[in-house]
Amino acid sequence: MCTPVCPLDVDQTVFHVSLEVWRGHEDYLLTRSRSELLSSDTRGLGPRIQNVIEYICTGNNLTTDMPLEIVCEGQILMPQLRLHDVYTQVWCVNRNNTNKPMRLVYRVPGLESDNLPYLEQLTTDQIPPEQYMHIGVLASHPHGLGDLLRRLATVQDPFQGRDLLDVIIHVLKYCLKTPECRQRLVDPELNSLPILLNVLTVCLQADETQSNQPVSDLHEDITKRLIQIIDPLLQLADEIVHPASSTSDQQPVLNT
């Protein structure tokens, strides 16, 4: 939805994923099948490895908080890694894997003594400014940031309105990178900070009510990103309300 407005953070190429149970762990996990071939755009399979774990648990009637390890190319993937980053930066690096489904092997932690390394972080390519600076028009357009924020204010259930939240937060992220939009967002007329803080409250309350239910990545994919938008806006607003004292005011008076 937001592609015409600003670029996506990652390539949206669809690829195949082969979910396989670690040999010898079938009896522990009671899996329906030893392997399953899926498309990367299968609902619930991403965007993060944590979602893959939840997908496996749901499909095999396991508790979604069960600690599974996902292994790819001899490395244990940490839950916060993005599935697409693993595909491009881990799987495709091996030339022998070209045009092959990415093998993700899951297992119960602690049953093997292979001491596989943990992969905790992967890099994401930076988007060049020329690909998003045009969104500065949203600052002055009569149906720009104002309509965007008014639509955001209608979200009462972050789970039902997750797609809308995801798109608007993505656009606002790039708005912070453009001077025109950044200044417009702290304009009191726009009422952006109260709206954003209210949505943050709704998300935090939803996270709390889901504490005894299957693990949700709402915090990682929505709430955390929302905070990353609110924080710089609060800092900018504070600088406007309390501008730094001029250099002359800070200099001591010289005796004549």
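I call a crossing left-handed if the near helix is turned anticlockwise from the far one by less than a right angle, and right-handed if clockwise. I take helices (H or I, at least four residues) and strands (E, at least two) as DSSP runs, numbered from the N terminus.

**Ground rules.** The model is predicted: I need pLDDT of at least 70 for local features and 80 or more for side-chain atom pairs, while totals for chains, interfaces and linings use all residues. I number residues from 1 along each chain as its sequence is written, and my side-chain values use heavy atoms, with hydrogens and water left out.

**Entry 1: H4 against H5.** I looked up the crossing of H4 and H5, and it is left-handed. The contact (heavy atoms within 4.5 Å) uses Leu145, Leu148, Arg151 and Leu152 of H4. From H5 come Leu164, Leu165, Ile168, Val171, Leu172 and Cys175. I sorted these residues into nine nonpolar, no polar and one charged. My classes: Ala, Val, Leu, Ile, Met, Phe, Trp, Tyr, Cys and Pro are nonpolar, Asp, Glu, Lys and Arg charged, and the others, Gly among them, polar. Two packed helices are described by the angle between their axes and the distance between the axes. For H4 and H5 I read about 145 degrees, with the axes 10 Å apart. Axes are lines fitted to C-alpha atoms, for helices over the stretch in contact, and angles run from 0 to 180 degrees between N-to-C directions.

**Entry 2: cores.** I define a nonpolar core as buried Ala, Val, Leu, Ile, Met, Phe, Trp, Tyr and Cys residues joined through side-chain atoms within 4.5 Å. Buried is under 20% relative accessible area, exposed over 50%, partly exposed in between (1.4 Å probe, protein chains only). The largest core has 35 residues. Leu145, Leu152, Leu172, Cys175, Leu185, Leu196 and Leu233 touch the most other members. At least two residues each come from H4 (145–152), H5 (162–175), H6 (179–185), H7 (192–209) and H8 (218–241). H8 gives the largest share, eight residues. A separate core holds 29 residues, including Val21, Val90, Trp91 and Leu104.

I then checked Leu145, skipping neighbours within four places in sequence. Its contacts are Leu138, Ala139, Leu172, Cys175, Cys181, Arg184, Leu185 and Leu190.

**Entry 3: aromatic pair.** I pair rings of Phe, Tyr and Trp (its six-membered ring) with centres within 6.5 Å; planes under 30 degrees apart are stacked, over 60 edge-to-face, the rest tilted. I count one pair. Phe15 and Tyr87 are stacked, at 3.9 Å centre to centre and 5 degrees between the planes. Phe15 lies in the segment before E1 (16–21) and Tyr87 in H3 (83–91), so the pair ties together parts 72 residues apart in sequence. Phe15 is buried at 5% relative accessibility, and Tyr87 is buried at 16%.

**Entry 4: the loop between E2 and H2.** Ser40 sits in the loop between E2 (35–39) and H2 (49–59). Ser40 is buried, at 15% relative accessibility. Beyond neighbours within four places in sequence, Ser40 contacts Thr13, Val14, Phe15, Val17, Leu45 and Leu83. Pro47 is in the loop between E2 and H2 too. I found the peptide bond from Gly46 to Pro47 to be cis, with omega near 15 degrees.

**Entry 5: positive phi.** Glu73 is a non-glycine residue with phi near 55 degrees. I place Glu73 in the loop between E3 (69–72) and E4 (75–77). Glu73 is partly exposed, at 37% relative accessible area. Asn191, another non-glycine residue, has phi near 60 degrees. Asn191 lies between H6 and H7, in the loop, and is partly exposed at 38%.
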